[in-house]
Amino acid sequence: MSDTLTMAALPILAIAPSQLLRGNGILAQLPKYLSRYGNKVLVIAGKNAKQVTISYLQNSDLEIVFAEAISDCNDTNLALLSQIVLQENPHVIVGIGGGKVLDTAKLIAYQNKLPIATVPTTGATCAAWTALSNVYEAHGAFAYDVTLDRCPDLMIVDYDVIATAPKRTLVSGIGDAIAKWYESSVSSGSSDKTMVIAAVQEARILRDILFQKSAEAISNPNSQVWREVVDATVCLAGAIGGIGGANCRTVAAHAIHNALTHLHQTHGTLHGEKVAYGILVQLRLEEFQGNQLAASSRHQLLKFYQEIGLPINLVDLGLGQVTLAELEQIAEIACQPNSDIHRLPFTVCPSQVLAAMVSTTSPIAATV
């Protein structure tokens with residue numbers, strides 16, 4: 001009896017989609033795979049994503065219902081889509097687009113107990129993989145996240161589709177993915193739990209892959225090395241969070257991202273760009289604790305960021321004219337009681353966050 005109770009107390013791990021298809025032109029097989037769920041499909045997509053993929057859904061025996069194009073996962077869009085589900089009564093939902101669209105589609109499917117297929121159209125996030133949806137306020141600020149009961153039923157990675165996205169989206173995805181190492185290693189690097197150890201080590205491998213292959217991949221879209229980097233940002237990054245749980249997904253870097261979304265000036269900056277900057281802030285916070293390895297890691301990242309085009313400071317984020325009061329507000333938000341920043345193994349206060357935010361490019365302090 002005690003063993004049963006112990007097992008029941010463990011968190012459920014939603015590790016991976018039930019089925020993952022990858023390849024060039026593989027999206028043409030989507031109707032065949034959707035037919036196993038029924039013949040009526042609700043497609044939730046962004047405007048550009050719909051234009052890029054609509055031809056793959058035509059000329060099939062399925063009844064396809066397209067929701068109005070969306071760009072954000074917010075309560076207004078969720079309410080509208082819930083009404084469409086009630087009216088249309090689809091058998092399966094398909095999310096096609098970037099991270100916010102996919103998060104919306106996943107959450108609608110979860111709320112209505114429907115199967116969900118995800119089709120990422122960029123390499124910018126691992127949202128197509130994960131059992132998690134991030135919800136934003138109508139004005140673009142991060143509001144809350146929802147843990148889902150499972151990863152998508154079907155995920156299709158069509159490299160031809162992803163290759164049509166701007167180069168900047170994959171660069172952003174690299175920033176988001178590489179954060180897995182810097183966040184999981186500091187929050188969970190000393191864990192003795194088998195699954196967490198595995199996740200942290202996978203995060204290290206992911207970092208190394210991105211260091212080795214990113215520059216070449218960005219220079220050669222749809223090449224083999226480019227496809228490997230897409231697999232890293234879209235798939236492997238998602239698997240790490242699935243295996244390791246919440247502590248291996250988000251710590252200070254994502255907390256900084258979430259706080260930055262409260263500044264309207266950052267709404268033109270991509271998710272992974274803000275996360276990448278957040279890694280530098282996190283490393284500065286570690287440096288404040290006397291961690292010289294963090295300083296070395298930060299300077300390694302600065303060189304890498306400059307090589308591939310990720311932001312290294314507030315100016316690069318479009319915040320060159322940000323006021324002290326605005327930065328103080330962001331630091332306060334980052335340190336709210338429910339913030340992921342508190343997964344750091346030391347206490348952080350707003351003044352430290354502010355100091356870290358304005359010093360991401362500081363030289364390594366000399367030691368005596």
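How do H11 and H14 lie to each other? In this predicted model, the axes of helix H11 (residues 271-288) and helix H14 (residues 350-357) come within 8 Å and cross at roughly 120°. H11 and H14 are therefore oblique to each other, and their crossing is right-handed. On the H11 side, the contact is built from Tyr277, Val281, Arg284, Leu285 and Phe288, and H14 brings in Gln352, Val353, Ala355, Ala356 and Met357. Sorted by type, the residues of this H11 and H14 contact come out as eight nonpolar, one polar and one charged.

Helix H7 (residues 167-188) packs on helix H9 (residues 224-244) at an angle of about 40°, and the axes are 9 Å apart. That angle makes H7 and H9 oblique to each other, and here the crossing is left-handed. From H7, the residues involved are Leu170, Gly173, Ile174, Ala177 and Lys180, and they meet Trp226, Val229, Val230, Ala232, Thr233, Ala237 and Ile240 of H9. The tally for the contact of H7 with H9 is nine nonpolar, two polar and one charged.

Turning to the strands, an open sheet is formed by six of them, lined up as S1-S8-S5-S4-S2-S3 with parallel pairing. Strand S1 (20-23) and strand S3 (63-66) sit at the edges with a single partner strand each, so one side of each has no neighbour in the sheet. On average, neighbouring strands in this sheet are turned by 20° against each other, direction ignored. Inside that order, strand S2 (residues 40-45) and strand S4 (residues 92-97) pair in the parallel sense through five bridges, with Ala45 opposite Ile96 in S4. Helix H4 (residues 75-88) lies across S2, S3 and S4, and runs at about 165° to S2.

Then there is a hairpin. Strand S6 (residues 132-136) is joined by five bridges to strand S7 (residues 142-147), and the two run antiparallel. Leu132 stands opposite Thr147 in S7. Between the strands of the S6 and S7 hairpin there are five residues, and Gly140 takes a positive phi near 105°. S6 is mostly covered, with five of its five residues buried. Leu132, Asn134 and Tyr136 point one way from S6, while Ser133 and Val135 point the other way, and all are buried.

Technical notes: Residues are numbered from 1 along each chain as its sequence is written. This is a predicted model: local features need pLDDT of at least 70, side-chain atom pairs count only at pLDDT 80 or more; totals for chains, interfaces and linings use all residues. Side-chain values use heavy atoms; hydrogens and water are left out. Axes are lines fitted to C-alpha atoms, for helices over the stretch in contact, and angles run from 0 to 180 degrees between N-to-C directions. Helices (H or I, at least four residues) and strands (E, at least two) are DSSP runs, numbered from the N terminus. Angles under 35 degrees count as roughly parallel, over 145 as roughly antiparallel, 65 to 115 as roughly perpendicular and the rest as oblique. A crossing is left-handed if the near helix is turned anticlockwise from the far one by less than a right angle, and right-handed if clockwise. Contact means heavy atoms within 4.5 Å. Ala, Val, Leu, Ile, Met, Phe, Trp, Tyr, Cys and Pro count as nonpolar, Asp, Glu, Lys and Arg as charged, and the others, Gly among them, as polar. Buried means under 20% relative accessible area, exposed over 50%, partly exposed in between (1.4 Å probe, protein chains only). Two strands pair if DSSP finds at least two bridges between them.
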